[in-house]
Structures are given as C-alpha cells and as structure tokens.
Amino acid sequence: MNQFSNLPLDPTKEQTWSSLSRFPSSSRQEWLVNNLKILIHTLEGLTFDENCLVHDATHNPWHAIGFVLLNDTLYKEAEVLYEAMLRKARASHANFGIPAYYLGISKFLQGRHRDAYA
C-alpha cells in the first residue's frame with residue numbers, strides 16, 4: 001500500500017468528491033481506480049433528475065467523477081462510468097444525449113473512433 005491509497009475522501013459520499021482536484025494526479029488516479037465500483041454504485045443510488053442533464057460538475061455528481069476520469073486519462077474507467085449513467089438515464093426515461101455524448105468521447109479518446117459514433 002502506498003502513501004496515496006487512503007485519501008480523505010469517502011466514495012459513498014458525493015459531498016467529498018469536490019476535493020478530488022486538490023490531490024496530485026497519481027493519488028487521484030489510484031483512488032478512482034480502486035473505488036470506481038463503489039462510486040458507480042453510489043451514483044446509481046441517487047435520483048436521476050434535471051441536474052444530471054447539465055454539463056457542470058458542480059451540479060452533476062456523475063460529471064464530478066467523470067470529468068476527473070477524463071482529465072486524468074482514465075478513459076476506460078470513464079467509459080464504464082458513462083455506460084452506467086446512460087443506463088440510469090434510459091431507466092429514468094430521461095434524455096440520454098449527454099451520457100451518450102460523454103460515452104462517445106471516452107471511446108474516441110481510447111482510439112476507438114468507430115465505436116464512438118455507435
């Protein structure tokens with residue numbers, strides 16, 4: 001276990017996620033990879049409302065994690081997150097354009113250009 005594995009963040013409490021940007025990239029990456037399943041489970045438990053359809057990480061908890069994943073070049077993890085967001089949007093009968101857009105971006109950044117448009 002290295003020095004970055006225990007960040008003072010709780011993957012089950014979205015209030016703590018806003019402080020992710022304060023930590024070095026390497027510590028964020030490790031924390032995100034280690035806690036991705038918990039983060040997605042937490043997000044899936046939240047109500048999917050109009051705040052989840054904005055491109056702003058301060059109002060959209062999905063993007064609070066997703067944007068950090070994309071910025072830290074964790075594209076496969078971002079793909080998993082945005083696939084879960086797309087499923088949640090469809091289940092909630094919400095507009096799924098935004099999750100589909102970011103899912104395409106995560107695929108495109110992995111070099112999967114044809115998959116990005118599907």
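Tyrosine 82 and tyrosine 102 are both buried. This is a predicted model, so please take everything I say as computed from it. For tyrosine 102 the relative accessibility is 10%, and buried means under 20%, which is why tyrosine 102 falls in that class.

How are the rings of tyrosine 82 and tyrosine 102 arranged? Their centres are 5.4 Å apart and their planes meet at 25°, so this pair counts as stacked. Tyrosine 82 belongs to helix α3, residues 75-91, and tyrosine 102 to helix α4. The two are 20 residues apart, and the pair links distant parts of the chain.

Now the wider search. Over the whole structure, three aromatic pairs turn up. One of them joins phenylalanine 67 and tyrosine 102, with ring centres 5.4 Å apart and planes at 55°, so that pair is tilted. Phe67, Tyr82, Tyr101 and Tyr102 make up one aromatic cluster.

Back to tyrosine 82, which has a polar partner. Its side chain makes a polar contact of 2.8 Å with the side chain of histidine 63. Histidine 63 lies in helix α2, which spans residues 61-71. Is histidine 63 buried or exposed? Its relative accessibility is 0%, so histidine 63 counts as buried.

One last item, on a charge and a ring. Arginine 90 places its charged end over the ring of phenylalanine 96, at 4.6 Å from the ring centre.

Conventions:
Residues are numbered from 1 along each chain as its sequence is written. This is a predicted model: local features need pLDDT of at least 70, side-chain atom pairs count only at pLDDT 80 or more; totals for chains, interfaces and linings use all residues. Side-chain values use heavy atoms; hydrogens and water are left out. Helices (H or I, at least four residues) and strands (E, at least two) are DSSP runs, numbered from the N terminus. Buried means under 20% relative accessible area, exposed over 50%, partly exposed in between (1.4 Å probe, protein chains only). A polar contact is a pair of N or O atoms within 3.5 Å; within protein, one must be able to donate a hydrogen and the other to accept it, and residues adjacent in sequence count only if both atoms are side-chain atoms. Rings of Phe, Tyr and Trp (its six-membered ring) pair if their centres lie within 6.5 Å; planes under 30 degrees apart count as stacked, over 60 as edge-to-face and the rest as tilted. A charge sits over a ring if NZ of Lys or CZ of Arg is within 6 Å of the ring centre and within 35 degrees of the ring normal.
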